[in-house]
Each structure stands twice: as structure tokens, then as C-alpha cells.
Amino acid sequence: MALADTERGVSSCGDSGAQFSEIIELNVGGQVYVTRHKTLIAVPDSLLWNMFSKKSPKELARDSKGRFFLDRDGFLFRYILDYLRDLNLVLPDYFPEKSRLQREADFFQLRDLAKRLSPRVSKENSISEEISQSDTEDGGQQCGSSGGLETLRTMSVSGAMRSPSLDSRKSGYITIGYRGSYTIGRDIQTDAKFRRVARITVCGKTSLAKEVFGDTLNESRDPDRPPERYTSRYYLKYNFLEQAFDKLTEAGFHMVACSSTGTCAYTSNDPNEDKIWTSYTEYVFCRE
């Protein structure tokens, strides 16, 4: 009897999965992905496996274009999907969002992926912990056999791992761009209205930008830029210049140049009407 129930459950699961087409379109947090059905069910008992093998298409949420919708981080989902394709984890050379990716792995119930990410998350969210960990273990063995001097060396190495020195940081430039506009009426200062445009752009090397701004950096306009390439399409998720300056200062940058331009236009052809002034300013920061 139990065997019959098991066979019936497998059959039901197979029938549900058969209702999906071979190619699946997903909308994950506004990002569109196209993949195979077998990729989504590659890990048994995961969230995606349950969605696309035990449920029917009618039970799943869809967007306005009929894509299956998941309200998760659309940019980190690419790493989830890469893992499902061959069950192997490959991250960029500089990847500051391992803790967030671990959270996504937990949500999608990918236990092996979450386990790979969890022990290696360091204070700086670096992905080079394997070498550091082996160095620490080697240092511990030397400490046991060589006495106090090796103990000091091991403490020095572990301290450097926890708090990298400025010498280990990469030098370079980051340019912050900011555009603002304000309107001056006929009464000049009594009717001045200032409006900030909610976008601060970031130009420079990808790895430096991610190191400084981390989660506050919006990469949606240039999501796949390699870490050693340059970009001028990033922008910040907030609109306070002082907040950006604080981030740069904490990372060891200092301002070396600044330039600004401005234009004036009328809201209509009547010169007595309000004037709209628009300014664009760039701040250049350097870390040597």
C-alpha cells in the first residue's frame, strides 16, 4: 500500500512538472531570466524545485507579460541560476555581497550553496578567505613548535587579515557626478526653489566603486562589468552628497579636483517668467 502511494506521488509530481514548457521565463525583482525547466529543478527539495515540479503553472504568480514572478534580488539571482546549471559556485574576483548571496541561498533552500558561503564570509565580505584560512592554520602549527616569536608573527598575520592596511588597498580615482536644478522667480531670492535630482553618478574602476559603496551602489545600468574595467554608468541609491563623501573618506580617498557648469533657461518665451538654472558638478577623489 505504501509502495502504491509512493508511485502515485511520483506520478503526480511528474504530471505537474510536465505542464511546464522546456524554456521558462522568469521575472526576478524586475530582471528577466530565460532558462530551462530542468535547471530550475536541479536541486531536489529546493524552493524552485517545489515550485516547478510540485505545483502547476496556474498556482504560480506571474507578471503582466506572463513570466513567472519572484520578488527577490534580481541581480543576485544570476549567481543562483549559475549554481543550478552545474552545481558549482564561481564568483567574480571582487565580490562584496557574499552575505546577501548567502541570504538568497537560504531563501531558495539551496543548503549546499549556503554552506559554501557561510564559513567564508569575512568582515570585509572578501572572497579570498581560502588562502587566508590556510595561512592561519599554517601559522598556528608553527606557533606550537617555534615559541614566542612565531606567536607574534601569527598574531600579526591574523591582525592583518582582520584589518587590511592601507598598503594593501588599490590606488585609483573615483569621480562623483551630481546634477541639480533650481528655479528663481521674478522676486529673485524670495521665490527661489531648489530641487535635487535623485541620482549621484559614480565613475571609475568597478572594483574600487564596489569596495567603497558596497550595497549602496546601483549597478543596474552596467551589471556585468568585470572588476578591472572602468564604468561611468553606476549611481548611488541615495541622494546626499555628504553621505557619498563620508564613504570615500572612510575608504582612504581625498578630494583632488572639482568642476561645475551651469545653464539657464526660461519656462516660457516670456523673459519675465521664472528662470530655471541647471548645474552639473563633478568631484574627483584619489587614493594613493
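**Close-up views of a predicted model**

View 1. Ile23, Val32 and Val34 together make a nonpolar surface patch of about 240 Å². As in every view here, the model is a predicted one. Ile23 sits in strand β1, which covers residues 23-28. With a relative accessible area of 43%, Ile23 is partly exposed.

**View 2. The second largest pocket.** Sorted by class, the lining has seven nonpolar, seven charged and two polar residues.

**View 3. Helix α4 and the residue that follows.** Helix α4 is mostly covered, with seven of its ten residues buried. Phe77, Arg78, Tyr79, Ile80, Leu81, Tyr83 and Leu84 are the buried ones. Just after α4 comes Leu87, which takes a positive phi of about 55°.

View 4. Asp73 pairs with Arg100 in a salt bridge whose closest N and O atoms are 2.4 Å apart. The two partners come from distant parts of the chain, 27 residues apart: Asp73 lies in the loop between β3 (68-70) and α4, and Arg100 in helix α5 (residues 98-107). Asp73 counts as buried because its relative accessibility is 17%, under the 20% cut-off. Arg100 is buried too, at a relative accessible area of 16%. If you widen the view, you will find a network of salt bridges linking Asp73, Glu97, Arg100 and Asp215.

View 5. Glu219 and Lys210 meet through their side chains at 3.4 Å, N to O, and both residues are buried. Glu211 forms a salt bridge with Arg287, with 3.0 Å between the closest N and O atoms. This pair also links distant parts of the chain, since Glu211 belongs to helix α9 (residues 206-213) and Arg287 to strand β9 (residues 275-287), 76 residues apart. Glu211 is partly exposed, with a relative accessible area of 31%, whereas Arg287 is buried at 3%.

**View 6. Pro223 in its loop.** Pro223 is found in the loop between β6 and β7 (230-236). Its relative accessible area of 28% makes Pro223 partly exposed. Tyr234 is eleven residues away from Pro223 in sequence, and their C-alpha atoms are 8.9 Å apart in space.

Methods:
Residues numbered from 1 in each chain as written. Predicted model: local features only at pLDDT ≥ 70, side-chain atom pairs only at ≥ 80, totals over all residues. Heavy atoms only, no water. Patch = residues over 30% accessible without salt bridge, like charges linked within 9 Å, V, L, I, M, F, W, Y side chains within 5 Å. Areas by Shrake-Rupley, 256 points an atom, 1.4 Å probe, with all protein chains shown as cover. Salt bridge = Lys/Arg side-chain N within 4 Å of Asp/Glu carboxyl O. Helix = DSSP H or I, 4+ residues; strand = E, 2+ residues; numbered from the N terminus. Buried < 20%, exposed > 50% of the residue type's maximum accessible area, 1.4 Å probe, protein only. Nonpolar A, V, L, I, M, F, W, Y, C, P; charged D, E, K, R; others polar.
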